[in-house]
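Thanks for coming, everyone. I'll take two spots in turn. Here is the model on screen.

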Amino acid sequence: MKEVLKELERRREAARAGGGRKRIDHQHAKGKLTARERIEVFLDEGSFEEFDMFVEHRSIDFGMDDTKIYGDGVVTGWGTVNGRTVFVFAKDFTVFGGSLSEAHAEKVMKVQEMALKNRAPIIGFYDAGGARIQEGVAALGGYAEIFQRNVLASGVIPQISVIMGPCAGGDVYSPAMTDFIFMVRDTSYMFVTGPDVVKTVTNETVTAEQLGGASVHTVKSSIADSAYDNDIEALLQMRRLIDFLPSSNTSELPEIDFHGEPQDDPALDRLIPANANKPYDIKGLILKTVDERDFFEIQEAFARNIVTGFGRVEGRTVGIVANQPMVLAGVLDSDASRKAARFVRFCDCFSIPVVTFVDVPGFLPGTAQEYGGLIKHGAKLLFAYAEATVPKITIITRKAFGGAYDVMASKHLRGDINYAWPTAQIAVMGAKGAVEIIFRKDIDDPEKIAAHTKMYEDRFLSPFVAAERGYVDEVIMPHSTRRRVARALRMLRNKDLSNPWKKHDNIPL
Amino acid sequence: MFRKILIANRGEIACRVIKTARKMGISTVAVYSEADGDAVHVEMADEAVLIGPAAASQSYLSADRIIAACKETGAEAVHPGYGFLSENAAFCEGLEAEGIVFIGPKPKAIRAMGDKITSKKIAAEANVSTVPGFMGLIDDADHAVKIAGEIGFPVMIKASAGGGGKGMRVAWNEAQAREGFDRSKSEAASSFGDDRIFIEKFIEEPRHIEIQILADAHGNGVHLGERECSIQRRNQKIVEEAPSPFIDEATRAAMGEQALALARAVDYQSAGTVEFIVDRNRNFFFLEMNTRLQVEHPVSELVTGIDLVEQMIRVAAGEKLALRQGDIRLEGWAIESRIYAEDPVRNFLPSIGRLTRYRPPEKGRRNGFVVRNDTGVAEGSEISMFYDPMIAKLCTWAPDRAGAVEAMAEALDCFVIDGIEHNIPFLTALMRHERWQEGRLSTGFIAEEFPDGFSLPAPDAQGRQVLSAVALAVELLRKDRLDRLPGRLAPHGGDIKRDWVVRLNDEYVPATIVEGMVSIPTELDVTIDGDPLTLVSEWRPGDAVWKGKVGSRQVAVQVRPILNGVKLSWRGMSAQARVYLPRIAELDRLMPVRRAPDTSKLLLCPMPGLVVSIAVEEGQEVKAGETLAVVEAMKMENVLRADRDCTVAKLNAKPGDSLAVDAVIMEFV
């Protein structure tokens, strides 16, 4: 072989070695994979095309010019997931702790730009120490350049972040602007300022895990959309997520082979308990509606009174939003509204039809909610549904009370197909409250109140008043739900609806 | 014949009776409690009457409400099923008073057989063999030796007030009888404050074998051979079969004759069962008579071809038995497995919840065997804590016992139940048990063979091979489908990677594809851990059971999706399976093992249930074995005790709380 060719191989070897054997072993000892290993697991075998392998930093301060390592702490490039293009970057903790230099930032910016230009998803694996302090403002500038590109790509291509180690300071804001953030339990954490600074400023003593571990961000802060037990589990789940998503806002929905016509499911006729106050698990209905019980849940551990996630119907991706009667009776509160609003907007960006299951007793009352801005948070969900132009299918299984009825993809918010089960109760409120207001003069006569309540229940706690007005298109048998949804989705494939031209809307943030 | 009957029961037996009534052209009335509004028996019947709240005492056990329901609907007769009011003579009389027919024996027979002492006396008078023993009390050791000699060794020396094995001694000779008497007497005195002692014959390797009889009001009676019900756990039958692998023709005839003699003695008119205990030498002794349809009657139906419910209805309507003893032929072998909503690995504690999936195996006759499933639930049904936890009776029939066992193993493999815990893994393990397969049974079988309870068996060599192969086939189909997604950079060339690693629980099993196309139906030549195998199946993604061939073996493996893989179950063995390319398997080995959270300092609720009482306070020191709390589930109180000395740090539950499984009841220091 010619010497120059050998030289290339030697240089490649050096670049692939990253921070060296010792640091790689250290990474493994912590239960983490290296940047290159992560990319290997995530992409189809042998599909990775690396960019900027030989990039080095240009810093000369603090003796940095003596320590240069190929790649400069981040591995970037592209490859395929089940044959479809995905751009990737992975912070390399073995090289300068994955810290961000100007050169490092430029590598990330390059794949961001290529992903946007080529309309393919981009995913980032985070495991880094933040800005490279020695570079000062050059690093800060690098961050902002990345942020700007995140924003331009938002809504055009799916952007995903996976936190697989430390992620702090300037590093947190790029993930925060992507569509989804995932974490790895025990090995990852994410915060703006770490425990040391917290101690100095507020005198609080917290560990990194308590401040920004996976359990904090999946349960309390809702920063993260899900968490996994280890790197392999997380990376393979990211492949699964990519399979659900279109490559960009102009791409077709991914469609996989699907066997057999949707069948009736008699078990659904038993789903709603005889007692209207008894909960049932809405996930049972979701799993019976989507293909093969395959449901990728988003924010499973947060605001569990509403369920969001991706499934497929007849091989094509749908977004599912459902009130969960098992948790707080499925009530809408600030957290649930925000969670679902963001999910609906993601689906609308990428032309993923939204199927909504409604069993909602209303908005959660109380000072905590009102002080917390329930009006504006609730408005986010209302806004998200109202502006969405994707196919919207709504099935009311039981309660649809008050303003929450309006919000949950009602006919009035341009719901395309709105179905109700015979067990549906579409009304301004439950019988007790309504009777006490309408018949206030009879409040001291239990017999009359009972008679009024019975009348109210018979007349208004049903889907038929709404059906008489055309607010529901049809009252359907529970067992036919999957078939009905599948047929509606087929019919809506060519739906063409757009909102008036605007620079952008002004959702109540 | 009746035009309309009411079924005073619920669950599978109500459905079972409705089926036969429908076949006979009789319309049916179901009764139901408030907990059973959506139940299958209500759906199946022509009419249904709500008879009260969930508690059985106010619904299914309320004779008044059931009689009222008969009058309301014009039902002419009542089939009681088993349990509830089936052996309640007062209920029969109540019906009679209203001119409604009870489909079962007359009150007199029910009463006579309902009392243990009376029934034994009647049996002895009718020359039915009873356990030899001395009816009176034993005075002293000499008396004990004398009586023991009369009965014949071995004998059981028993404290009158005894229980739980205390004050019980087996004596094989005079010396032991003498010593046993003294020991039992002193033990009985100290344990129960009552030193009265009895002696009776000790039954070695006892088996529970019962005779099914049918008798009419015209003095005709036949027996339908025996059922063996020796597989019991705490006196609850789990698996039954007909015929018994132990009984010969002569014994069968003798038992049948005695059973009929007893029936004649009480003027029995219906289907009934005479239970015997049989010792190792095929000596049989009367235990009791059940004056109703037994749970396990389907095995008799499968070997005789006789519909017992139909016969009961005909007898109740006054018809003469159309059968003579000579018409009754036992053909082939039938086994019944009772499917319970209970968790076998948690000491068989009841499990409640919704059946999110309930897919019984395919019913009917195929390849020379028969599968029958008597059930009262359907997918979506709620298993409540109010009633018996039995949800189905799975029966198989084959020309011989080995065939019926094999068919049962296969049927259990295909039985998919999700949403609750159930005993299918235990039943499956039982079907594979050598001693069961050889038919060497006794009522002590489960206690002897599973002395430490049951735990899920790890896959053996064969399980490892089958599960790895199925995991590979499932993953390849999934992969192949994704390889044909639209929007790919290049169309899929049809190439599949040859080398894979199946991670089965924590073990890595190399697998290779030698030849074949990944498609449906699948036909692949693979090697699993170096062994060549051919896989053939028509499984499609989403199917709950992978049926097909792995090598020469026909298998049915249950497939449940888990994160990045599948959970597979076959023959009681389960494993989490993930299929990786070799490089990913290599990296996977680097992943840390996540420790399960430490629960040693917590008292967890072992099953979903209601806290009845908390016996301790915060800060209290408790000794091992002391009661901590009582939790009730399915009408059973479960006492939770300290497994070591400890101090209570914090109480997380209070009486009246409804807890989920594994909810923390209290914390220890």
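**Two spots, two chains**

Start in chain A, with A:L5. This leucine sits in helix α1, which covers residues 3-16 of chain A. Keep in mind that what we are looking at is a predicted model.

So, is A:L5 buried, exposed or partly exposed? Its relative accessible area is 45%. Buried would need under 20%, and exposed would need over 50%. The value for A:L5 lies in between, therefore we call the residue partly exposed.

Together with A:M1 and A:V4, A:L5 makes a nonpolar patch on the surface. The accessible area of the three comes to about 350 Å².

Now over to chain B. The element I want is strand β27, residues 522-528. This strand is mostly covered, with 5 of its 7 residues buried.

Which strands does β27(B) pair with? One is β26(B), residues 507-517. The two run antiparallel, with 6 bridges between them.

Another partner is β28(B), residues 531-537. That pairing is antiparallel too, and here there are 7 bridges. Look for B:E523, which stands opposite B:V536 in β28(B).

Last stop, the turn. How many residues lie between β27(B) and β28(B) in their hairpin? There are 2. B:D529 is in that turn, and its phi is positive, about 55 degrees.

That's my tour. Over to you for comments.

Terms used: Residues are numbered from 1 along each chain as its sequence is written. Chains are lettered from A and ligands numbered from 1 in the order in which they are written. This is a predicted model: local features need pLDDT of at least 70, side-chain atom pairs count only at pLDDT 80 or more; totals for chains, interfaces and linings use all residues. Side-chain values use heavy atoms; hydrogens and water are left out. Patches are made of residues with over 30% relative accessible area and no salt bridge: like charges are joined within 9 Å, nonpolar side chains (Val, Leu, Ile, Met, Phe, Trp, Tyr) within 5 Å. Accessible areas come from the Shrake-Rupley method with a 1.4 Å probe; for residues, only the protein chains shown count as cover. A salt bridge is a side-chain nitrogen of Lys or Arg within 4 Å of a carboxyl oxygen of Asp or Glu. Helices (H or I, at least four residues) and strands (E, at least two) are DSSP runs, numbered from the N terminus. Buried means under 20% relative accessible area, exposed over 50%, partly exposed in between (1.4 Å probe, protein chains only). Two strands pair if DSSP finds at least two bridges between them.
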